[in-house]
Amino acid sequence: MKKKILLVSIISLSLVCLFFSFGFAKWTSLEENSKPFSGVTLRLIGESLPPLEGLNQAKSAFEEETGIKVIIEMYGHQEVIQKTTADFVGNTGIYDVVLNPHREIGKIVENNWVTPLEEFYNNENLRNPELTLEGTFLSEEWFNECCAYKDTVYGLPFHFISMFMWYRYDIFEHPEEMANFKEEYGYELPSPPITMEDYLNTAEFFTRKKGEKLAGETLEEDFYGTAIQAARHVATYYGWLNFLYSFGGRELLIDKGSEYGKVVINSPEAIESLEYYKKLLDYSPPGGLTYTWDETQASQQQGIVAQAIQWDDATYAVEDPEQSLVAGKMAFSGTPINEVKMTQIEGWTMFIPRSSKKQEAAWLFVQWCMGEDSQIAQMLNGGASSVREIYNSEKIKNIIYAPTAVYLKSGEVLQTRKSGDKTGLGVPETFVNAINPSTGDTTVTIIPKPTFPEQEWVVEKIELAVNSVLTGEKTAEEALEWCQEEIEKELP
Amino acid sequence: MKARTARWIAPTMIILFIVSLMPFFIALNYSFRDISYTSSRSQGQWVGLDNYRKALSDPEFLHSLGITFKFLIPAVLFELILGFTMAMLFAKSNFKGIRKLIPILIIPTIIAPVVIGLIGRLSLNSEFGVIGVYLRKFGIIESSILGSVKLAMPAIILIDIWQWTPFVTVILLAGFLSFPKEPFEAAAMDGANPWQTFKHITMPFIAPLLAIVTLLRSIEAFKIFDKVWIMTQGGPGSSTQTSNIYAYRLNFMHWKLGYGAAIVILLYIVSFLLCVAFFRYLNREQIKKEREVIFYGNGSKKN
């Protein structure tokens, strides 16, 4: 009997040793540690934008090294959310890696749909020691909002994005335009506009009819001072937030996205910002009320708009000469300042669903995505990498918008741009030196958005309220009062 | 024999149950519960008729129902008038190429609604759309059509008329072409004028077909979703938010599956009542006869 027990013990011990020595050795290399998963196919879903296309092109290196196949599905913004939520609700396990905008984090965490990162991060057999969450990212605050919920980390950033100003420096810095502006408005044409007053004045100034002159040339079609997101679409929510925050307003008084603060969407600052936003519609293309991000971007690519507030990860299209008439004529600055010099936190995060049956292989891919090759591939396709180190790369240094994007997220100035420079590269010096009225110094205030589970309801109500003001159905006061009541009813 | 028939029917019935009845009963169950994936208060608990009570006093739902009828009534009415007129003209013209024309006529009807929506959205775009640009050029509109609270719904109705009028035309044309000639010849011999012929011969012949087309189009128009979603997403504001778009937003954007299910069930009830009303109208003669049988006995009314 004793012999039997001894034999069983020896066999068991041998099997355990064998298991750890072959299957789950401590981290040596991606190639070695991914061997147990060779032949596995992972399915990832994300938003159809050039940076994800960049990852799609770069993933072959991961596939070759690991033998793990990765299929990347790309859809529109809302479709990604709907498809992933349907996958989670049905527990179908179709997707192994899910990219979602960070405002969804409360919903997916509270419903227990995603696996906390620590389950992989603390596993020595799965974690590449080179990956660390401390000091890696552009902004800790950004990381905590995008990837963590109530102090637990649930994902890694696909990117950190924010909205900033795209402007045509070729016309803003044209001597004739500068002289005309000074004559008309009594001060120097600001390039870029620093305050909201500058923004409105320049939008009005550059709105011209076909046949008039612009920067010394006769216009063949109407030209517009700006383009805003005004359709009944989530783009309108994001678009207006820039103005709401800049005017000193908020949706709720919160310090973290997961908090339920007091609803203040009907504040005087919010009303003022919405009235201002509506004024911009007068200087936007005639189809403005149907504009989302796509149309705003297209109008800039066509060269019919002087300036607009847009996402930093969409600049690729406007800087690509094959797609854009204004490539090489654009520069990038922060959102104009009224009461706050600010930027809104946003990002897409890579989550691993609990329903996935290949979570460990999925983690290996997510981890690989944070590496240099993948991050550079995304940046070269117009990405907005969250990894600070990437911006030291020679390949990245000449990306026109990168210094402004980095400045807004981290406060770090990689390169400045002076008015009159021959390229758009660098964060405008005048914006860097601009005072933030809310702090009294030049720092940028980083503003978090709500991320609790009810956030989608809040977004929808704000979107509808803003749109109904822009269409003239309601006044700003009426719409935001209604919005306040609706949000208060819904939140606990 | 019966057992054999049942065996043949069983697979169909099982599939029907899985794809049609089961989702309906699941939705019915959800509609009595507080199920929401975007609310920290929701636990999936039984709430009885609360969702229905809430829906019947929900201004947004009632508004969306009103929008649905604002779309349905003019769209179906114009489709019937235009379709009827075109079918009658084709039938009267004795045009020999009519059979070849039908497949061409029906093209807009067989195109997927999503594509129709895209065609509408792109062609009405005021900066590059083939219709929108000219409307702006000639000063008929100042800004965008689909961005205007006043113009967005008429634009959707026009697109729907363009899509569905051929369907009405083809169905009614088939009816016109199958008319027996004798009653018309007899009427002509008796000296009936065109109006009398139309009123007393054409209309009674075509009425059942017209009623079926009206029923089909009304149900379809009541369910409208894809075209509106592609063209306006229910905007600007909520001026084109039909009840199905509202239900979609609740269920698949806010993930309020309990309340959303109650809305869907209510829409089903409205749709069902519409059908019943039409069927009763169609079979009114039959119903009248059945009632007479009940009250007076079989064939003994006058005795």
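I looked up A:Asp151 and found it exposed, at 68% relative accessibility. I noted the cut-offs: buried is under 20% relative accessible area, exposed is over 50%, and partly exposed lies in between (1.4 Å probe, protein chains only).

I kept in mind that this is a predicted model, where local features need pLDDT of at least 70, side-chain atom pairs count only at pLDDT 80 or more, and totals for chains, interfaces and linings use all residues. Residues are numbered from 1 along each chain as its sequence is written, chains are lettered from A and ligands numbered from 1 in the order in which they are written, and side-chain values use heavy atoms, with hydrogens and water left out.

**Entry: salt bridges**

Which side chain does A:Asp151 meet in a salt bridge? I found A:Lys256, at 3.3 Å from N to O. A salt bridge here is a side-chain nitrogen of Lys or Arg within 4 Å of a carboxyl oxygen of Asp or Glu. I located A:Lys256 in the loop between strands E10 (252–253) and E11 (262–263) of chain A, and A:Asp151 in the loop between strands E4 (148–149) and E5 (152–153) of chain A, so the pair ties together parts 105 residues apart in sequence. Helices (H or I, at least four residues) and strands (E, at least two) are DSSP runs, numbered from the N terminus. A:Lys256 is partly exposed, at 37%.

Next I checked A:Glu32. Its salt bridge partner is A:Lys35, with the closest N and O atoms 3.0 Å apart. A:Glu32 is partly exposed at 40%, and A:Lys35 is partly exposed at 48%.

Then I looked between chains. A:Glu295 forms a salt bridge with B:Arg121, at 3.6 Å between the closest N and O atoms. A:Glu295 sits in helix H13 (residues 293–301) of chain A and B:Arg121 in helix H6 (residues 113–123) of chain B, so this pair joins two chains. A:Glu295 is buried at 18%, whereas B:Arg121 is partly exposed at 36%.

I also found a network of salt bridges linking A:Arg103, A:Glu104, A:Lys107 and A:Glu456. Over all chains, I counted 30 salt bridges.

**Entry: nonpolar cores**

How many residues are in the largest nonpolar core? It has 158, and A:Leu156, A:Trp240 and A:Trp363 have the most contacts inside it. Such a core is a set of buried Ala, Val, Leu, Ile, Met, Phe, Trp, Tyr and Cys residues joined through side-chain atoms within 4.5 Å. Helix H11 (residues 234–246) of chain A gives the largest share of this core, 9 residues.

Among the residues it touches are A:Ile265, A:Leu274 and A:Tyr277; contact means heavy atoms within 4.5 Å.

Conventions
Lists of a residue's contacts leave out its neighbours within four places in sequence.
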